[in-house]
Amino acid sequence: MPQLGESVTEGTISTWLVQVGDQIEKYDPIAEVMTDKVNAEVPSSFSGTITELIAEEGETIEVGQLMCYIEVEGEAEETASMSAASAESQVTVDTGDHTNMKKRYSPVVMRLAQEHNIDLNTINGTGKGGRITRKDVEAWIASGKSEVKETNHSEPVLDATIAEPEPEPQEDAIEEFTPPIIRRRAVKANPGDREIPVTGLRKTIAQNMVRSKTEIPHAWMMIEVDVTNLVAYRNAEKDSFRENEGYNLSYFAFFLNAVAKALKKFPELNSCWAGDKIIQRNDINLSIAVAHEHELYVPVIKNVDEKSIKGIAKEIAQLAKKARTNSLTQEDMEGGTFTVNNTGSFGSVESMGVINYPQSAILQVESIVKRPVIIDDMFAARDMVNLCLSLDHRVLDGIICGAFMSHVKAILENISSDTTPIY
């Protein structure tokens, strides 16, 4: 499995594009892999013949782990000559290969063995060189041989966790106390329940969310912004813009423009935590959430501070189209330094976002709602929007974030044709 991105550590085999026996050239795509919320094709590093597919479709493997075997051109002749030379000295090269391969276990084989108390030395592998495959282990489990694992006791133990001895009482129990390890019972479906497999995309999202909430101490703040001038300006321009450019002039483009300007003034929010230091990014690359059916993608608009409202609107339209057609690339998803999420498109008026790891903040743009507001001691109908910021409290404090939010508010409330040209 190659490294398909700077932060990618594993990938899920979505589809094999080759079969055993296929002849391939170097750089030919051999598999589609789901990594970090996007599909990518894995190219072959060699020309030759596919001899065995190790990873199965739907299996997640780490970067650098074995995916398949390719017999490189010229390798067969070299192996044959080596075997002939070894035979003269009564040493068989193939025997060594079988022994080595039998001991090479994939993560899924190791997991199944641990879950079912299986001694892998007792299983005969059917893979290349006697390698034990997942199907070998599943067949062993189906045969019923793994239900009981013999120990040195006179009676078999069904599950080592059931037979745990009670700890002996200790003195100074309060000071010596450590929280017990909680063994979670497997959640089982009831009759009539629907079981939905966790796909590579959903698994990646879950892992990223757990990592973000586990490692990042989240804090939250919200401000309300009067965007009456923005609404009037955009409504006056949207029809001619659509006719001239062929795509929509969305409110979101104005919000991204305001955020980029504020990040330019307050670069502390364009940072990430790196253990013993804080890295402040130079480029302002905004991650945006794009939904397609039941899937959520987070592509990136690069160098937003250098783009006009029109340029931002164009990239929003292009990335949304790519998401709908499943054509987002790994490059589209990489390099984000700050996330802006348009939750208002779903009618939300207040939400708390989970920070997009390893960034230090995420801004939720809520629905624009017409509300009565007091101006000069009189009620007036104004277009209002809530902006909700989740921040990494290791990197950011309320003072700097409050100043950032106030600056975004000032930019949005003073938008006009004079201050914010579209082109």
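S351 is buried, at a relative accessible area of 18%; buried means under 20%, exposed over 50%, and partly exposed in between, with a 1.4 Å probe and protein chains only. This is a predicted model, where local features need pLDDT of at least 70, side-chain atom pairs count only at pLDDT 80 or more, and totals for chains, interfaces and linings use all residues. Residues are numbered from 1 along each chain as its sequence is written, and side-chain values use heavy atoms, leaving out hydrogens and water.

S351 lies in the loop between β15 (338–341) and β16 (361–365). Strands are DSSP runs of E, at least two residues, and helices are runs of H or I, at least four, numbered from the N terminus.

What does S351 touch, leaving aside neighbours within four places in sequence? The residues are W220, T343, Q364, E366 and C388, with contact meaning heavy atoms within 4.5 Å.

Now the helices. α8 (residues 251–265) and α9 (residues 309–324) pack at about 120°, axes 9 Å apart. Axes are lines fitted to C-alpha atoms, for helices over the stretch in contact, and angles run from 0 to 180 degrees between N-to-C directions. That makes α8 oblique to α9: under 35 degrees is roughly parallel, over 145 roughly antiparallel, 65 to 115 roughly perpendicular, and the rest oblique. On the α8 side the contact uses F252, A253, F254, L256 and N257, and on the α9 side I309, I312, A313 and I316.

α8 also meets α11 (residues 398–413), their axes coming within 9 Å and crossing at roughly 135°. This pair is therefore oblique as well.
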